[in-house]
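Dear colleague,

Please find below the structure that I am handing over to you. My findings follow directly after it.

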Amino acid sequence: AFGVLQTVLVTSLQTILGLITDNTETASREEVKALNSWCHENNLSLNVSKTKEMIVDYRRQQESGHLPIHIGDAEVERVNSFKFLGVHITEDLSWSLHMDTITKKARQRLFFLRRLRTFGMNTSILTNFYRCTIKTLLTAASQSGTGTALPKSLQRVVKAAQHITGNCL
């Protein structure tokens, strides 16, 4: 029996996962109720404005009839993607949004590398700056789901950095 995986992001460190089978969302809704009750019993409150719901539906014929989740009287916002522990997760479980974000960050850091070069910094300082600010970002991106090879957009960043520093990186 194929199901729909429903994810509710409660806080940055707490996630509820519920499997919807046979179009019954009861189990996932009970988990949310249980968490809300536990928080109330322990004098904690859920920040509903920071709570997100994302539905990952991997069936061929997807249905859109899922009712929104409510915590108390507030409706939980349904999103197509969210950032969880630094990784952008999308409802189709692709890495494209995450890689686009990493590429954008890396390109922004290339600007500072160029500025250092215009200030006349030597090659060793430029290379160290690259290793500390750009390479660490690329290393984390390559290990977050793309395997060992960097996507072409990130390979272009490395090539630009090599041109700026004058070194083979």
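E53 and R78 form a salt bridge, with their closest N and O atoms 3.4 Å apart; the term stands for a side-chain nitrogen of Lys or Arg within 4 Å of a carboxyl oxygen of Asp or Glu. Since E53 lies in strand β3 and R78 in strand β6, the pair ties together parts that are 25 residues apart in sequence. Helices (H or I, at least four residues) and strands (E, at least two) are DSSP runs, numbered from the N terminus. E53 counts as buried because its relative accessibility is 0%, whereas R78, at 36%, is partly exposed. Here buried means under 20% relative accessible area, exposed means over 50%, and partly exposed lies in between (1.4 Å probe, protein chains only).

Please note that this is a predicted model, in which local features need pLDDT of at least 70 and side-chain atom pairs count only at pLDDT 80 or more, while totals for chains, interfaces and linings use all residues. Residues are numbered from 1 along each chain as its sequence is written, and side-chain values use heavy atoms, with hydrogens and water left out.

By the rule above, the count of salt bridges is two. The other pair is K52 with E77, at 2.8 Å from N to O. This pair also links distant parts of the chain, 25 residues apart: K52 belongs to strand β3 (residues 52-57) and E77 to strand β6 (residues 77-78). K52 is buried, because its relative accessibility is 18%; E77 is partly exposed, with a relative accessible area of 43%.

Next come two further strands. Strand β7 (residues 81-84) pairs with β8 in the antiparallel sense over four bridges; pairing requires that DSSP finds at least two bridges between the strands. F82 stands opposite I89 in β8. The two strands form a hairpin with two residues between them, and L85 in the turn has a positive phi of about 50°. In a regular strand the side chains alternate between the two faces of the sheet. In strand β8 (residues 87-90), H88 and T90 make up the covered face, and V87 and I89 the uncovered one.

Finally, I turn to a helix. T127 is located in helix α3 (residues 123-143) and is buried, because its relative accessibility is 5%. Apart from neighbours within four places in sequence, T127 is in contact with T165, N167 and L169, contact meaning heavy atoms within 4.5 Å. M121 lies in the loop between α2 (96-118) and α3 and is partly exposed, at a relative accessible area of 35%.

With kind regards
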